[in-house]
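Trainee: I've got a model open and lots of terms in my head. Can we go through what they mean here?

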Amino acid sequence: MKYRVALNNLAKAVLVLFLVTFSISILVRWLPGDPIEILMPFATEEGRAALRAELGLDINVVQYYFSWLFDLLRGDFGVWYASTGDGGGVPVRSMLAVALPRSLLIMLYTMVVSIVFAVPLGIFLAYRAETRTDKTISNVLFAVSSIPSFAIGLALAFVVGVQLDLLPVIGYVPFAENPSEHFRSLVMPVVSLSIGLIATFSRLLRVDMIATLREDFVTMASSKGLSNMWILWRHVLRPSSSTLMTSAALQMGALIGGAVVIETVFALNGFGMLLTTAIATRQYLAIQSLVALIAVAYIVFNFIVDVLYAVVDPRVRGGRG
Amino acid sequence: MCCTPLLTHESEVGVAKGRPGPLGFYLASGWLLVCVFTAFFGDFFPLPKWDEYDYDNLGLPLFSDGHLLGTDYDGSDVLSGLVHGARTSLGISFTAVFIGSVIGGLLGIVAAYRRGWVDSVVTMYFNVSLAIPTIVLTLVMVALFATPNVDDPSSGWPRELVLIISLTLVIIPILGRLARGSALSWSGRDFVLVAESIGMKKRSILRTHIIPNVLPSMMSVAFLAAGVVIVIEGGLAILGVGANPGASWGSMLAKNRGELAITPHTTLVPAGVIGLTVMALNYFGDYFRLRIDDRESRI
């Protein structure tokens, strides 16, 4: 029975993926402007025909879609065409190898930082529920959660980067090159993305913790004489974290969008830069592969949540939830 | 610390939700009123034109003579920009959310009430569009419609129109899914069963019982969505595909972003205005949700 639900979800996910990528290939075809003109403005007729064939512009959209799909499944993300005139280009995969780790690291750091700060804060607020401290902090968090990350990023860049001159305002340093500079170059991007998430996560955790605190097993634990801290961290946190985890996984998807903008603000040349450039320069194959990658990531995150649900909350695992 | 009572058995559920107080709501309403008023009547304010360049006064600081919020690097007045930007940013946002909620709401409600294949198709459409992050979807849409043809630079649609269309496409699945969920929960209520059993037509049940109950919860989310749209518009401007330079709040800060070290206020003031507006919209939406929760708990 459980397998059937899982398979059903998997089938749905695959169908969604197919529809996303297929509609992208139709959309990309509609982009105005002949890509051949942009990619090879001074090419000969033979050169144009060759590029047309290579880009799959001479076949219909269905054939084109499947040839792209099979290439992708073999790990070939297509070619990034440069207007050198000879139709030469760089494999999208090698560009991804540079850009993707940057964006993934930013997202990973942001998630880790957000959860590390949000969980103690959420527990503290639930513990102090309805006191003046809780009300003040909760109000501030509500306000903070609605400030867009780029506004925080720009303010940080000005105060910390320009006025105090503490951190570099633009540029990315790989970890292997110089670990301390690597972290210094990512502090501001990660902080600007994290602040909103910390506020969102701690508010969610606070509400769920307060609800769990009303349950009988807490009364039981309390009357056994266990300390408040032990009860909060060991008994109440786990069953209260399912909303937090759903939100975290959904935010991973939203973070892709936020990270794209923040990358641009801090000139980190990550995945977002790649995608915007691909769209601006009509890199058909690249656009399609990049968007497919995002959609896969998004769907995988959602799939992981369903699994994590069962692992984290024993009530779901036992089928009693 | 050890003596603080841990249990909150006796507390009321509503209080524990961490809702903001009424003060925030009044401030939010005040700010939104100012913004909406500005968007409508900005033309009558005694200000320089937003796209007029005062070449004698480049990069004036805040509170300068004749330019209350200073000027940017090519001499356009920051306050006039904000006033004009209110019309563009709020116009784009409210239009997209309004059209998106009407279309999404209808789709969601019909899907929930008809069920069957209609429901499957609509839900699949919602899921597909929600699987693409909003910024990517709008990026592709703007590139698709707004970029002029290489041979004919005047081709392509106006940026604002393209932004409205793409952001509407973002809003439809968000509000549509909400409307579907809400309509599903309402159509199982007793009064709907009663209406069905006395032979009321489906169409009139929808009109008299389902839609009036779904609308309030859509309203509260619509305010949040308006905030989300303003943020996306700002993000798109930073990525270089927003409204024309300086025409909206987002494109104001995108235009002046490179001058952060020299004229920081030309970037930070629009950023602050965006932040305040989004915050106000969130307060407003949350206030509505609180009212609805109250109302529904009494039904």
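Mentor: Let's take the terms one by one. This is a predicted model, where local features need pLDDT of at least 70, side-chain atom pairs count only at pLDDT 80 or more, and totals for chains, interfaces and linings use all residues. Residues are numbered from 1 along each chain as its sequence is written, while chains are lettered from A and ligands numbered from 1 in the order in which they are written.

Trainee: What makes the 166 residues a nonpolar core?

Mentor: They count as a core because they are buried Ala, Val, Leu, Ile, Met, Phe, Trp, Tyr and Cys residues joined through C-beta atoms within 7 Å. Buried means 20 or more other C-beta atoms within 10 Å of the residue's own, with C-beta atoms placed from the backbone. Leu139(B) and Val229(B) are among those with the most contacts inside this core. Helix H7 (residues 202–238) of chain B gives the most, with 18 residues.

Trainee: How do you know that Val229(B) touches Ile171(B)?

Mentor: Two residues are in contact if their C-beta atoms, placed from the backbone, lie within 7 Å, so this pair passes that test. Val229(B) also touches Ser93(B), Ala96(B), Val97(B) and Leu167(B), not counting residues up to four places away in sequence.

Trainee: What makes H2 and H3 of chain B helices?

Mentor: Each is a DSSP run (H or I, at least four residues), numbered from the N terminus. H2(B) spans residues 78–114 and H3(B) spans residues 116–130. Leu107(B) and Val110(B) are among the H2(B) residues that meet H3(B).

Trainee: And how many helices and strands has chain A?

Mentor: Chain A has 14 helices and 2 strands (E, at least two residues). Buried residues make up 40% of its 321 residues.

Conventions:
Buried ≥ 20, exposed ≤ 12 C-beta atoms within 10 Å, placed from the backbone. Axes fitted to C-alpha atoms, helices over the stretch in contact; angles between N-to-C directions.
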